[in-house]
Amino acid sequence: MRDLTSLGLKTVGGRVLVLDQRRLPDIEEWLDGTAPAALVEHIRRLSVRGAPLIGVSAALGVAAHAERGASRTQLEQACASLRAARPTAVNLAWAMDQMRGVLDAGGGVGELVKRAEAIFDQDAEFCEQMANHGAALIAPGEGILTHCNTGGLVTAGIGTALGVIRRAHELGRNVHVFVDETRPLLQGARLTTWELGRLGIPHTLITDGMAASVLARGKVQRVLVGADRIARNGDFANKVGTYALAIVACHHGVPFHPVAPWSTVDLSCASGRDIPIEERAASEVRGYSGMRWAPSDVDVFNPAFDVTPVALIESLVLDRGVFSRSALAQGLSGVAG
Ligand code: MRU
């Protein structure tokens, strides 16, 4: 396998390494995810996270397993266990279906490696296309609010929503980013601020509950978020809190855009009601990183994602172009090509 490098994922001498996103921003530690069982654990624990990156890393994991002499049965098992590691982001299933397709067509180690490398390269290319389409929407001096983390850490390239913001910054649009903290696992506070700081993009951190008043004060002209699965009708799942943000944006007449690669579209889901939503451990809501602030036995509901209906979207930014809410009324099937 070629040596590949992105902000949160690399292959070195056939080994798959992931930057431990649980320890950022303070500690930059690379974990070995070459063995599929280890990679499954890194994905479940969110050491490697974000819809595109879990798919790309899983594909590289299967390829590395093949290079190390895994049998066909072992490779099928690896595809199945990686596919099941997280249920909402369809990119993971999409990548595993591609690797399974190579196996089912009788492909050997060389074909598996080629496909995994192509998934990595294509993801980076998708990012460039989303960035160019999305940046064209942004006027000089805009305040942009974003949720969760959608940058270089979660793709093979520059990111989805954060990639658009980065491109707008590079084009001199003089943007200022408001970063939702993103409870419960603080992907915004820990990761998006880390990325924006490295890129020199001006930003301000807020808690999720402050977004409404920041919009009410007129500080935000656009909301850009990622997506974990987009249904045929344009409804989409993203990090919990996205739906509330979309309602607030709609109330204030602020355009709201999900940004995602085609690998996030699931034409088999007719609407958001068909998207499976991952529920995670109660401990993530009772506290964080070893610290607990709620009673240890308090009842908790912890869905990791919510569904935003297409009615709240101004337009959807895909690598294939920008699709307005009215264009989405025709459904996404027509966009497949
Ligand atoms: O649970 P996470 O941190 O993997 O959730 C990530 C998100 O919700 C992102 O917004 C989404 O994957 C899009 S990232 C390009």
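Helices (H or I, at least four residues) and strands (E, at least two) are DSSP runs, numbered from the N terminus. The model shown in these views is predicted, with local features needing pLDDT of at least 70 and side-chain atom pairs counting only at pLDDT 80 or more, while totals for chains, interfaces and linings use all residues. Residues are numbered from 1 along each chain as its sequence is written, and side-chain values use heavy atoms, with hydrogens and water left out.

View 1. P25 sits in the loop between β3 (15-19) and β4 (30-32), and the peptide bond that joins L24 to P25 is cis, with omega near 10 degrees. A cis bond also runs from R183 to P184, with omega near 5 degrees, and P184 belongs to the loop between β6 (176-180) and α7. In the loop between β5 (143-146) and α6 (161-170) lies C148, a residue other than glycine whose phi is positive, near 65 degrees.

View 2. On a 1 Å grid over the protein atoms alone, a pocket is an open set of points with protein on both sides within 12 Å along at least five of seven lines, whereas a cavity is a set where a 1.4 Å probe fits but cannot get out; lining residues have an atom within 4 Å of a point. Grid points are joined across faces, edges and corners, and a volume is the space filled by probe spheres set on the points. The largest pocket has a volume of about 430 Å³, and among its 21 lining residues R22, L185, E284, Y288 and S289 lie nearest the centre. At least two lining residues come from each of α7 (187-199), α10 (283-286), β13 (287-288) and β14 (291-292). Because domain 1 (4-127) and domain 2 (133-335) both contribute to the lining, the largest pocket lies between them; the domain bounds come from an automatic or database domain assignment.

View 3. One oxygen atom of the ligand lies 2.5 Å from a polar side-chain atom of R49, and a backbone N or O atom of A51 is found 2.8 Å from an oxygen atom of the ligand. The side chain of D228 has an N or O atom 2.8 Å from an oxygen atom of the ligand. Taken alone the ligand exposes 420 Å², of which the protein buries 99%, with accessible areas from the Shrake-Rupley method and a 1.4 Å probe.

**View 4. The largest cavity.** Domain 1 (4-127) and domain 2 (133-335) each give at least three residues to the lining of the largest cavity.

**View 5. The second largest cavity.** About 40 Å³ of space lies in the second largest cavity, whose lining residues include P52, N91, W94, I119, D123 and S263. Two or more of the lining residues come from each of α2, α4 (90-104) and α5 (109-135).

How values were computed: Polar contact = N/O pair within 3.5 Å; in protein donor to acceptor, adjacent residues only side chain to side chain.
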